[in-house]
Amino acid sequence: MPSRPARVAGGDQPTGHRRAHDDRGFVTAEWMVGVALLVVPTLLVIAVLPSWAARHETVAVAAREGARAAAAATDAVTARAAAARAAMEVLDRRGLPTDEATVTVDLPSGPTLPRDGQVRVRVVLPTAPVTLPGGGTVDGPSVTGEHARALDPYRGR
C-alpha cells in the first residue's frame with residue numbers, strides 16, 4: 001500500500017509540499033493599474049469626444065462659408081475681410097469663442113482677384129481643456145477646418 005504524506009497539525013497541505021502562491025488577499029495593485037490604464041482614459045475620451053466633434057463640424061462650416069464669401073469678392077482686401085467675417089459669424093452663432101479662432105485666407109496674388117484661380121480658407125480653433133479627476137487640466141488638440149473654392153471664370157468685375 002502506498003504511503004500517504006504526513007499532515008501537519010492544523011494545516012491542509014501535506015508536509016513536503018509548499019503552496020506555489022497565496023490566493024488570499026485584496027488586489028489593490030491590480031485595481032489601481034486597471035483604473036489608471038483603462039477607466040481614466042475611457043472617461044477622458046467620453047468627456048472630450050462630443051465637444052471635439054461639434055467643434056470639428058463647426059470649423060468645417062466656418063471655412064466653407066469663409067471661402068464662399070471670399071470667392072464672391074472682387075479684390076484681395078475685401079475677400080480677406082469677408083472671409084474672416086463670415087467664418088466668425090458661424091462660430092459666434094454656434095456659441096464658440098471667436099477670440100480663440102484663427103482664420104487664414106489664401107488668395108491668388110494681385111490686388112484684384114483673377115477670373116480663375118482658387119480661394120482657400122483655413123479655420124483653426126483650440127478645443128476646450130478637460131479637467132482631470134485629480135484636479136489637473138489637459139488641453140486637447142486644436143480643430144482645423146479647411147475649404148477651397150474655385151473662382152468663377154465667367155463673373156463680372
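**Entry 1: Glu-65 and Arg-68**

I looked up Glu-65 and Arg-68, which stand three residues apart in helix H1 and are therefore separated by about one helical turn. Helices here are DSSP runs of H or I with at least four residues, strands are runs of E with at least two, and both are numbered from the N terminus. The model is predicted: local features need pLDDT of at least 70, side-chain atom pairs count only at pLDDT 80 or more, and totals for chains, interfaces and linings use all residues. Residues are numbered from 1 along each chain as its sequence is written, and side-chain values use heavy atoms, with hydrogens and water left out.

I noted that Glu-65 forms a salt bridge with Arg-68, with the closest N and O atoms 3.0 Å apart. A salt bridge is a side-chain nitrogen of Lys or Arg within 4 Å of a carboxyl oxygen of Asp or Glu. Glu-65 has 22% relative accessibility and counts as partly exposed; Arg-68, at 39%, is also partly exposed. For these classes, buried means under 20% relative accessible area, exposed over 50%, and partly exposed in between (1.4 Å probe, protein chains only).

**Entry 2: Strands S2 and S5**

I then looked up Arg-120, which forms a salt bridge with Glu-146 at 3.2 Å between the closest N and O atoms. This pair links distant parts of the chain, 26 residues apart: Arg-120 is in strand S2 (residues 118–125) and Glu-146 in strand S5 (residues 143–150). Glu-146 forms a salt bridge with Arg-122 as well, the closest N and O atoms being 3.8 Å apart. Since Glu-146 lies in S5 and Arg-122 in S2, that pair ties together parts 24 residues apart in sequence. Shared partners join Arg-120, Arg-122 and Glu-146 into one network of salt bridges. I recorded a count of four salt bridges by this rule.

**Entry 3: Arg-55**

I found Arg-55 in helix H1. A polar atom of the Arg-55 side chain lies 2.5 Å from the backbone oxygen of Pro-126.

**Entry 4: Ala-86**

I found Ala-86 in helix H2 (residues 76–93); with a relative accessible area of 9%, Ala-86 is buried. Leaving aside neighbours within four places in sequence, Ala-86 is in contact (heavy atoms within 4.5 Å) with Glu-65, Gly-66 and Ala-69.

Definitions and conventions: Polar contact = N/O pair within 3.5 Å; in protein donor to acceptor, adjacent residues only side chain to side chain.
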